[in-house]
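Hello,

Here is the structure I promised to send over. Please have it open while you read, and my notes follow below.

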Amino acid sequence: MFESLTDRLGGIFSGLKGKGKLTEDDINSAMREIRLALLEADVNFKVVKEFINRTKERCLTAEILESLTPAQNVTKVVLDELTTLLGQDDAKLDIGAKSPHVIMLVGLQGSGKTTACAKLAYLLKKQNHSPLLVACDIYRPAAADQLQSLADDIDVMVYRDKPSENASGSGKTAVQIAEEGVNAAVDNLRDVVIIDTAGRLHVDEEMMTEAKNIKEATNADSTLMVVDAMTGQDAVNVANSFAEQVDFDGVIMSKMDGDARGGGALSIKEVTGKPIIYISSGEKPDSLEEFHPDRMAKRILGMGDMVSLIETAVAQEQEEFEEEQAERMLQAKLTLDDFVTMNKQIGKMGGIGKIMESMPGNMKQGEVDEHVMEDMVVIINSMTKEEKIKPEILNGSRRARIAAGAGVKVQDVNLLIQRFNQTKKMLKRLIPNFEQVPANTGKRRKKGKKGNKKNKRKRGMMGIPGLQNMSPSQMMELKKNLEEMQKNS
């Protein structure tokens, strides 16, 4: 997301860095370039005009022009203004004490509304809520079946219209189904109701009226509009129409991974006054995440989003490792089995691609090969136990045998060993600077007696090594090593 804009802004700021002191002409030239970059990103032209005026006024102050690092200060001003444009403060879905809390999702057909309902249910379920989905799209064929299928995948209850013997439905209206769905939530002790409403190919009075009637009948506590990020300024125009007729509380911006420009996300808060609460990238249930304007502004400027990366790591279910394995990792004395475990943890965090996007000077998703892990596991599984523990014994004949068993070339085996050795070197440089994360469970295994069960430690990516203790310079060191590994793959 925002790749095109990030590239353009990066080039503009690089040009400013080469100047020891900025003049008014330098600022004017930079603002013209930023204006063009925003317009090319499909940002609303009125929003661009106001953004440039505010930014230019701040950049022309003596405090900026006469500072020791004017280019950095200009970047800081643009960062502040982008954050303001995106919403300044985090907007959250407030689920109060009332039970059930009724959430209604509205939007055009094709915006990803039904999928967003399931993703929101999955997110709330992880937050210890008990959601119930209500299928109120009675017009689109198989809409209720789609919602049911998505709900089954995440083990969430759905209330839907039961078809009669001679028809596809019982003849109930969407309003009646919504009311019954809320009652079903009460009967089944569900504390959150998520209503999937019908969409249209364009804004029309019938759709608006039905949405308003559902909202009134269910006394909906929160109304969220699902907006397709790929539609750019059209998404903003649609959201503006909904804001005028069906007052909603915030926006779910869907399909963010399919939009390299990001004009809709940058315009919607300024035009409609409604904040973005969630963004969605990808089809998986866990791809819905809370929107943070300050973090997104940093990502747009290529500064990365380490906070979100660390939160993702913390949220992952941490595997249990034997104590000996955890100690080997903390001492950078890896075996090839340990290497696989580490890469699995990276996969749980979204893969190298997502990690790279979150780091300063972020790489693009397409620049990272996400299939390396699969090939690596096949090669390692073709090794003997001794070879996994002591990769240094892998001579030419052994590597040829492993390659034949894995169905790959000897060069692929050589590349794996090279990548493994690079990882060990990286950990040796980084680990001494970390505070070791204490074990959450288990005591040290006593030596001597056979039959004692090996104790386990809960250690995920946050403990191998302590990612939460990294300084920015250490993060950059990790990024550099990961990039080197990627170039060699």
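**Helices and the sheet**

Helix α7 lies across β2 (131–135), β3 and β4, and runs at about 160 degrees to β2. Contact here means heavy atoms within 4.5 Å; axes are lines fitted to C-alpha atoms, for helices over the stretch in contact, with angles from 0 to 180 degrees between N-to-C directions. Helices (H or I, at least four residues) and strands (E, at least two) are DSSP runs, numbered from the N terminus.

Before going on: this is a predicted model, where local features need pLDDT of at least 70, side-chain atom pairs count only at pLDDT 80 or more, and totals for chains, interfaces and linings use all residues. Residues are numbered from 1 along each chain as its sequence is written, and side-chain values use heavy atoms, with hydrogens and water left out.

The sheet itself is open, with eight strands in the order β3-β2-β4-β1-β5-β6-β7-β8 and mixed pairing; two strands pair if DSSP finds at least two bridges between them. At the edges stand β3 (157–159) and β8 (288–290), each with a single partner strand, so one side of each has no neighbour in the sheet. Strand β1 (residues 101–106) pairs with β4 (residues 192–196) in the parallel sense over five bridges, and I103 stands opposite I194 in β4.

Helix α11 (residues 263–272) lies across β5 (222–228), β6 (250–254) and β7 (276–280), at about 175 degrees to β6.

Finally, helix α6 (residues 113–126) packs with α7 (residues 143–154) at an angle of about 25 degrees, their axes 9 Å apart.

Best wishes
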